Amino acid sequence: MGYIIDRTRTAQGKARPWLLLSAPLLTVTGILLFTVPSASETVQVIWVMVSYNLFYSFAYTIFNMSHNLMVPLSIRDTTQRGGLSVFNQIATIMMSGILVALVFPMVITPMIGVDKSKWMLLMSVLSILALPLTLLEYYFTKERVTEESQADGGQSIPFAAQLKAIFTDKYMLLIYAYFLIYTAGSSIKNISLPYFCNYVLGTYNDGITQTLVSAIGGIPMGIGIFAVWPLAKKFGKRNVTLTGFILYAVGSAVCWMFPHSMVLVLVGQFIKNVGGLPCSYVFMALFADVLDHLEWKTGFRIDGIAMSVYNIIAVAMVGVCTGVFNGWLAGAGYVAPEMVDGVTQAVSQSASVQNIIIFGFVGLEVFTGIILTVLLIFLSVEKNIGKKQAEIKSRREKGEGGQKA
């Protein structure tokens, strides 16, 4: 997909046209993902495998890559781009927070339990809502950086040269490692959240525990909108993110030490999410700085291919982490809830299962927070990014395109 985007030449840009295509694809494949037919186990397994890949490998890949490229391709000014990165994440964080933290545990999950038909209806409605919202993004965005490249004719760079440029640059390798470790930790944490609230901190589907953990722990994500970018402008995106991960590890450690205490878990989640503010809101701005650094270094832009590696990590981690966590649970002897006389019933889990759940939700991120803190020490790409952008602009004005003098 990255190869295709980098070779797309239209008046709308190179990523925006794929946003338009992704709109109906997200809706159709999102519905198929949950409408598993009542058939033999073999048919159901095949349906799940095919629909899962149609959604994540096809529709979501097209959308996620083109959507995330809107930040680095919309504008080159680092201050405005940083603000755009923050606002780009607001919808993702706040809306998912409202749905996951409030609506699902308090209203939806207690109502539908494990009723298959109700889940199909719910997810079909959400998939249909994605269509007009994706179209809105297409109609109200513009690729100014792409227009710069098209104005001087652009370049057709061999695929092998693009890959070499990406995988021989220390900043790009660092930011990929950063994203891989962060995504792995946060994916397993998100997967284990309902298990932690159902079997460790609260009772199955009580409608309260998950709401408190998600909402109170997530309050910093709301109020942090107003604080994170001013801090990033003053102290640097890397420095604020690095400091945040120290708090991230501390907050997770508090939860890990006292997993059965509601008060201390909420305190730990609050601290952790304060620390997670910078990485949630300014990552795309850091990524855009790395893309500009690569353009300065190589003389050509590699947006599509670079984003494709990012997207491989984002999409693959969903499946890998789900498989890893489910494997842990199965190995520890997890017992799933069942429908009995139309009512969802769950059993208490063993100590070994609870330990796996606790590690997945709060223990793992102690280690990822520490590793990311160390990793970010070496990600100093923004130090001279202003000078590099000025040099890129100077080359274009001299008619050299993006090529280094």
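**Helices and a threonine**

Guide: Happy to! Keep in mind that this is a predicted model.

Visitor: Is Thr-134 buried or exposed?

Guide: A residue counts as buried when its relative accessible area is under 20%. Thr-134 has a relative accessibility of 5%, so Thr-134 is buried.

Visitor: Which backbone oxygen does the side chain of Thr-134 reach?

Guide: Thr-134 has contacts beyond its neighbours within four places in sequence, including Leu-19, Ser-22 and Phe-63. As for the backbone oxygen, the side chain reaches one at 2.7 Å, and that oxygen belongs to Ala-130.

Visitor: How are helix 15 and helix 16 oriented to each other?

Guide: Helix 15 covers residues 303–332, and helix 16 covers residues 351–376. Their axes are 8 Å apart, and the angle is about 160 degrees. Angles over 145 degrees count as roughly antiparallel. Helix 15 and helix 16 are therefore roughly antiparallel.

Visitor: How many charged residues are in the contact of helix 15 with helix 16?

Guide: Helix 15 brings Phe-325, Trp-328, Leu-329 and Ala-332, while Ser-352 and Gly-360 are among the residues from helix 16. The contact divides into eight nonpolar residues and two polar ones, and the number of charged residues is none.

Visitor: What is the handedness of the crossing of helix 8 and helix 15?

Guide: The axes of helix 8, residues 159–167, and helix 15 come within 10 Å and cross at roughly 60 degrees. That makes helix 8 oblique to helix 15. The crossing of these two helices is right-handed.

Terms used: Residues numbered from 1 in each chain as written. Predicted model: local features only at pLDDT ≥ 70, side-chain atom pairs only at ≥ 80, totals over all residues. Heavy atoms only, no water. Axes fitted to C-alpha atoms, helices over the stretch in contact; angles between N-to-C directions. Helix = DSSP H or I, 4+ residues; strand = E, 2+ residues; numbered from the N terminus. Parallel < 35°, antiparallel > 145°, perpendicular 65-115°, else oblique. Left-handed = near helix turned anticlockwise from the far one by under 90°. Buried < 20%, exposed > 50% of the residue type's maximum accessible area, 1.4 Å probe, protein only. Polar contact = N/O pair within 3.5 Å; in protein donor to acceptor, adjacent residues only side chain to side chain. Contact = heavy atoms within 4.5 Å. Nonpolar A, V, L, I, M, F, W, Y, C, P; charged D, E, K, R; others polar.
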